[in-house]
Amino acid sequence: MKIIHTADWHIGKMLGGFSLLSDQEYFLDGLLTLMENERPDALIIAGDVYDRPIPSGEAVGVLNRFLSRAILQLQVPVLMAAGNHDSRERLSFGSELLSSAGLHIAGRLSALPRKVTLSDELGPVHFYLLPYVDPPTANGLFPEPPARTFQEAFDKAAVPILEDADFSKRNVLICHGTFCRTKSDGVQAAEESVGGADLVDLRQYRDFDYIAAGHIHRKQNIASNMRYSGSILKYSPNEHSLSPTVTVLTLGEKGNLSIEERTIPILRDLKVVKGFFDRLIDREEPDKDYVFAVLEDRELILNAALRLREKYPNLMGLSYERSGEERPHDLTARKAREKSLPELFCDFYEYVNGEEIPPKQLSAVQKMAEPGKGADQ
């Protein structure tokens, strides 16, 4: 059975004042072309279908057009689980009715997990759809004993799945969260986890033939049979180095799994350009990609963003970064009280610019600090 695994669509995403809807629709058109060529038996969307709980009408329209073509024209079943950005109730609306058409949605967490069975020439494959689960949600459905961590919440929500699953058959788990990556030397946190309180270890779920995960935007394996497909586009300047793809997996006979990646064309890239202002603006043709500019100039450039947009019309952000090594800053409140205003200003100037204040500027600061002098002088 051939399956395409995607996640983190974030339809309706706004970034740097720009709507990414046209980019998302362009990507989804490419995904439809891929589906037409690959003829998969199912498409997985492992959470964060929308970027916000109450999506715009335009965002709903983009998803509706995609699903209509995927299900009605290509006749590919779609299996969708809610992520932390999705409204569970809104995503679940009409799910029972839509299931008969081939759209299977797990929005709300349920005591009876959503199970979808598809078949190929080798027999059935059972898909279990587990939406994003946190302790309050799990405790609302399974109050005793109360879950205090995401691990406990996930394990409680997964109990009905483990009780139902026949692991002599082929089974796929679809879920959304921050999961540990299993390595030969133990378990390591997923790369974008913050802290660790939200980490979930999936080692006890290793008997699933495949676990399709969403939430982390960087594509990566959790284990040999567990994977984050990554987001469909780059959604922040920190993700400029990512190379989004979709995962194509083939389930053969029990225990036989192969995983490949497919690249889909994008409308505009997202990148970070860095350097001095004169160098960045010295280009003949405008750069149509989404750009975050980092200027290395020591002096502030007048109307820098406005001028850069002549050559980078989709400029999303602008910041300054002075080159040089990091400088320790160990000035305590006690030391600050012992210094004069000019001395404090000199310390600040050196910390920000990495060099001593020029004599001319120092003289001006000293004059302003003299008794009786001020801004009116």
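The structure is a predicted model, in which local features need pLDDT of at least 70 and side-chain atom pairs count only at pLDDT 80 or more, while totals for chains, interfaces and linings use all residues. Residues are numbered from 1 along each chain as its sequence is written, and side-chain values use heavy atoms, with hydrogens and water left out.

The chain has eleven helices and 21 strands; these are DSSP runs numbered from the N terminus (helices: H or I, at least four residues; strands: E, at least two). Of its 377 residues, 47% count as buried. Buried means under 20% relative accessible area, exposed over 50%, and partly exposed in between (1.4 Å probe, protein chains only). The chain exposes about 19500 Å², of which carbon and sulfur atoms supply 51%; the areas come from the Shrake-Rupley method with a 1.4 Å probe, and for residues only the protein chains shown count as cover. Among contacts with a separation of 6 or more, 63% join residues 24 or more positions apart, where contact means heavy atoms within 4.5 Å.

Helix 2 covers residues 57–73. Its buried residues are A59, G61, V62, L63, F66, L67, A70 and I71. The elements that cover these buried residues include helix 1 (21–38), strand 4 (42–46), strand 5 (78–81) and strand 6.

Helix 2 also contributes to the largest pocket, supplying seven residues, the largest share of the lining. Helix 3 (88–92) and strand 6 (103–106) each supply at least two residues as well. A pocket is an open set of points on a 1 Å grid over the protein atoms alone, where a 1.4 Å probe fits, with protein on both sides within 12 Å along at least five of seven lines; lining residues have an atom within 4 Å of a point. The largest pocket holds about 420 Å³ of space, a volume being the space filled by probe spheres set on the points, which are joined across faces, edges and corners. Of the 19 lining residues, N64, L67, L98, L103 and I105 lie nearest the centre of the pocket. By class, the lining has 15 nonpolar, three polar and one charged residues. Ala, Val, Leu, Ile, Met, Phe, Trp, Tyr, Cys and Pro count as nonpolar, Asp, Glu, Lys and Arg as charged, and the others, Gly among them, as polar.

Several loop residues were also examined. Q75, in the loop between helix 2 and strand 5, has a positive phi near 55° in a residue other than glycine. Q75 is exposed, with a relative accessible area of 64%. H215 is not a glycine either, yet has a positive phi of about 125°. H215 is found in the loop between strand 14 (210–214) and strand 15 (220–223) and counts as partly exposed at 22% relative accessibility.

S87, in the loop between strand 5 and helix 3, is buried, with a relative accessible area of 11%. The C-alpha atoms of S87 and V49 are 9.7 Å apart, although 38 residues separate the two in sequence. The peptide bond from E144 to P145 is cis, with omega near -15°, and P145 lies in the loop between helix 5 (135–141) and helix 6 (150–164).
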